[in-house]
Amino acid sequence: MGFSETVKRVPTAESDVIVGVIDSGIWPESASFSDDGFGPPPKKWKGVCEGGKNFTCNNKLIGARFYPKREEDESARDTIGHGTHTASTAAGNIVKGASFFELAKGNARGGVPSARIAVYKVCGRGGCAAADILAAFDDAIADGVDLLSLSLGSLRSVDFDQDPIAIGSFHALQNGILTSNSAGNSGPKPQTVVSNAPWLLTVAASSTDRRLMDKVVLGNGKTTLGNGVNSFNLNGTKFPVLYGENVSRRCTIDRARLCDEFCVDRSLVKGKIVVCDKATRGEEPFFNDAIGTIMVDDSPRSDVSLIYPFPATQLSKTTGLIVKSYIYATKNPVATILKTESIKDSEAPVVVSFSSRGPNRIVPDIIKPDISAPGVDILAAFSPMGVTSGVAGDNRSANYSILSGTSMSCPHATGAAAYVKTFHPDWSPSAIKSALMTTATTMNATKNPDGEFAYGSGHIDPVKAANPGLVYEALKDDYVKLLCDIGYDSSRVKLIANSSCPESGTKGTARDLNYPSMGAFVGDGKPINLNFTRTITNVGSSNSTYKATVTSDGRIKVTVKPDVLSFKSLNEKKSFVVNVVGDGLQLDDTATGSLVWSDGVHSVRSPIVAYTNFLLLFLPSLKPFHISIPASSKTLALLGFSSIAKNEAVNPKAYPLADAQLTITIHDLIQQAANYKQLKKGANEATKTLNRGISEFVVMAADTEPLEILLHLPLLAEDKNVPYVFVPSKEALGRACGVTRPVIACSVTSNEGSQLKSQILQLKDAIEKLLI
């Protein structure tokens, strides 16, 4: 990022910036949030510290609220670690010598270490409720935060009038607050980005120049290199290595090689290293007392290192053959797994595989994501109550941990935006966003084959963003017009912006929005002739002349009129038109170019993308499902959702809980799935479908006693990116499954040619809205 500790700062202005973090809470005692050296909160602060039981704010952490009342401790304290990590990344203090059990040791600091933090806990172990997210936006706006960071989102794209993040962030925009949002972790598949609103700063995740790698040393002296965050030290001791039929007495050899659930025999693997042909968190060998595991899998996400609960590493299949060949050729094979080392990654930054990709499913002419920021192997503050590996039984407690995800890249962008705001406190949210996008470092398309749909405008550069020269601005009315142009009627626009479509005026397209990037979804095989009208504001030198330079990949021709802009004063505006022409593109094809305005000091770059894509479909118009909401929320009154009478007998850990209407829909589809042989009944069977990657969604009964026998399923489902939901009755669930006995859990399974495909997709979308 080019953002060293010695960059120019404005300490007094930075101390007045308040960063709001809507997440899973915070660990207030962390050194990253100490208020040593901080004065009183800024006078503009109107918020409170309502952190709950045993929770104290200070002059660094100036505000806290919590919303999900299902947490046993009923406080804003983070018991997961996610919110603590994101808050410290955005605005944590400088903490020297931070590490994860001596790994990645160094100075940990946020983007704006002198800024203040206000936290809004909306997420618990069961997820994040839409109602809580909206209430948090309301409070954060009223409290007086300057920026908001949300490292959360749905599993799939949601129409703006159904998306609490899109709605809440629009209200924040109206109050001068820029919201940064994670792009999602469903890449590298196209159209997986879930943060699609043009008023959001959507952040992709890219690698850093530090990779965390593990070495496996075999008994024959050969060493292999794999991925993993392994804090354990075996002191070079070599242990027996098992694979295949030597791992299990009760499963087929194929399942034994995968280390499938219930296929690892404790009596065989205890005290040994197990080789598995599947990338997991190492649960089965760990639960059965193995000393470690070597996973051999060409997972598409092999460019990231995960924390494991014991010595473990993931090898590619090619490298894994070295290990297997040694095992087959040796009577008593042995090996050891070394503690993780940091190595230099000269290829960085590269957008990581898991980072969700565009195109934008809601507004195809708006390029998403907007920008890329570091999101791999990020060391930041953590909750000592959090499970570092996410595996039950891993009892380590850490004050700092290493996480990867667009959840980690989002607060990097928030910190960068806050840094820009310290120099330009009066800039609008769109001006700050423009500065970040137009000054981003151009990324290598060869290393990032998805191009702008992977990284947007490029890799973030906060220092250059503080002095962009020119900015593209868009205000509330511009976004309202866009909503009307893409087909939202006044009733839907009111849900988002509390405004209506103009009664008269020319209907345009999304390409008319004054956006820093320029995108267009075009018909395949048809000649291209596009115009983008843009207006830029001079924020550099009062007397300056900018000249345009255009580039393209040869399949489109880009021209600009006028191609010279002369400014006589600050904040002066100039308009221009970009024309893009071409012979046409084939199906699933993309043509790219760029426009750069330069005065010799500033370079203001906008990517240009024209594309066809046979996968691109607007989301179907789904009948809204009712969700439970608190009647007191100001914003929610605009949404038209029905409240649900609360059932006090329902275990609060049964989250999310379907309402009566959704329960009927779920039961109906389960009944049909049983007829089509797409249903697995019981907690064990549901677990198997998740591990095998064949589950469409999981349903659990909220009246299960004790409920704890089911609570591994939500965690596993989240890890596998599968929606899950609770229904009130195990008796009713059993009837829906076609049996006379109670059923506590079931899983609807995949079948590519199923007649239920569209119904399953619609129901998954409805369930995911409860999990947002």
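Student: In S33, what is the bridge partner of Ala701?
Tutor: Val727 in S33 is the bridge partner of Ala701. This is a predicted model: local features need pLDDT of at least 70, side-chain atom pairs count only at pLDDT 80 or more, and totals for chains, interfaces and linings use all residues. Residues are numbered from 1 along each chain as its sequence is written, and side-chain values use heavy atoms, with hydrogens and water left out.

Student: In which sense do S32 and S33 pair?
Tutor: Parallel, over four bridges, with strand S32 at residues 695-701. Two strands pair if DSSP finds at least two bridges between them; strands (E, at least two residues) and helices (H or I, at least four) are DSSP runs, numbered from the N terminus.

Student: What order do the strands of that sheet have?
Tutor: S31-S34-S32-S33, an open sheet of four strands with mixed pairing. Its edge strands are S31 (679-681) and S33 (724-727), each pairing on one side only.

Student: Which strands does helix H15 lie across?
Tutor: H15 (residues 660-675) lies across S31, S32, S33 and S34 (745-749), at about 110° to S33. Angles run from 0 to 180 degrees between N-to-C directions, with axes fitted to C-alpha atoms, for helices over the stretch in contact; contact means heavy atoms within 4.5 Å.

Student: And H17, at what angle to S33?
Tutor: About 155°; H17 (residues 712-719) lies across S32, S33 and S34.
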